[in-house]
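Here is a short briefing to read alongside the sequence and the fold. Keep both open as you go.

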Amino acid sequence: MNRETYFRAKGVFVGLAFVVIGGFIVITVAGEWWVGMQSRQWKAVDAIVTVSREAQETVHGGDGTTHKVRALEFSYQYELAGTGYVSGGLSFHKKEVADMPQFLQTYPVGKKLTTYYNPKHPEHAVMQRGVPAVGILFIRMPAVFVLLGPFIVWGSITGAIVRFCERRGLWYR
């Protein structure tokens, strides 16, 4: 195999890897991102904190060891059309809190708060709707890889990348 054929095959492999890996990340992140974006339209409802405490969970390691980790137990109750619902959703981008003592002090049991529920599925609610700007990056960056991959494959198959590098003195036959 000559050098040019080797680099063309390598380019096809890299391009396909961009598409596959980028596509997997987009699919993995897209569902939660989409629901987070849709939550901007969710309706506000008053809720009351029913559980707010620090707990310890036992985590089992792959090597047979166990250790305790701090975990947040948090839920709130809200009512819609006479039906009560319980949720613990913080937001679509936060599953944990950075400063647990501060969070527990801010949201003690009995505290009234505003939460946002999905009108189509009222059992789904969060305290903060939408997706932060950083969350948008997590969908855009892999999308760039997915879009760039076919161009790398095309450039490798047609030799366009080799010609581009030759013109700039980066490649010599």
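**Salt bridges between strands**

At 31% relative accessibility, Glu 73 counts as partly exposed, a class that lies between buried (under 20% relative accessible area) and exposed (over 50%), using a 1.4 Å probe and protein chains only. This is a predicted model, in which local features need pLDDT of at least 70 and side-chain atom pairs count only at pLDDT 80 or more, while totals for chains, interfaces and linings use all residues. Residues are numbered from 1 along each chain as its sequence is written, and side-chain values use heavy atoms, with hydrogens and water left out.

- The structure holds two salt bridges, each meaning a side-chain nitrogen of Lys or Arg within 4 Å of a carboxyl oxygen of Asp or Glu.
- One of them joins the side chains of Arg 53 and Glu 73 at 2.8 Å, N to O. This pair links distant parts of the chain, with Arg 53 in strand E1 and Glu 73 in strand E2, 20 residues apart; strands (E, at least two residues) and helices (H or I, at least four) are DSSP runs, numbered from the N terminus.
- Arg 53 is partly exposed, at 45% relative accessibility.
- Glu 54 and Arg 70 also meet through their side chains in a salt bridge, at 3.0 Å from N to O. Here too the pair links distant parts of the chain: Glu 54 belongs to strand E1 and Arg 70 to strand E2, 16 residues apart.
- Glu 54 counts as partly exposed at 38% relative accessibility, and Arg 70 counts as partly exposed at 49%.

- Strand E2, where Arg 70 sits, covers residues 66-80. Leaving out residues up to four places away in sequence, Arg 70 touches Glu 54, Ala 55, Met 100 and Pro 101, where contact means heavy atoms within 4.5 Å.
- Is Ser 52 buried or exposed? Ser 52 is buried, with a relative accessible area of 16%.
- Ser 52 is found in strand E1 (residues 43-60), and its side chain reaches the backbone oxygen of Tyr 107 at 2.6 Å.
- Beyond residues up to four places away in sequence, Ser 52 touches Glu 73, Phe 74, Leu 104, Tyr 107, Pro 108 and Val 109.

**The sheet**

- Five strands make an open sheet in the order E3-E2-E1-E4-E5, with antiparallel pairing; two strands pair if DSSP finds at least two bridges between them. E3 and strand E5 (125-126) are the edge strands, each pairing on one side only.
- E1 and strand E4 (residues 112-117) run antiparallel and are joined by six bridges. Leu 113 in E4 is the bridge partner of Ala 47.

**A loop residue with positive phi**

- Most residues other than glycine have a negative phi.
- Ala 81 has a phi near 50°, a positive value in a residue other than glycine.
- Ala 81 lies in the loop between E2 and strand E3 (83-87) and counts as exposed, at 86% relative accessibility.

**Helices**

- Met 141 lies in helix H3 (residues 133-158) and is partly exposed, at 44% relative accessibility.
- In helix H4 (residues 160-167), the buried residues include Ala 160, Val 162 and Cys 165.

Conventions:
A polar contact is a pair of N or O atoms within 3.5 Å; within protein, one must be able to donate a hydrogen and the other to accept it, and residues adjacent in sequence count only if both atoms are side-chain atoms.
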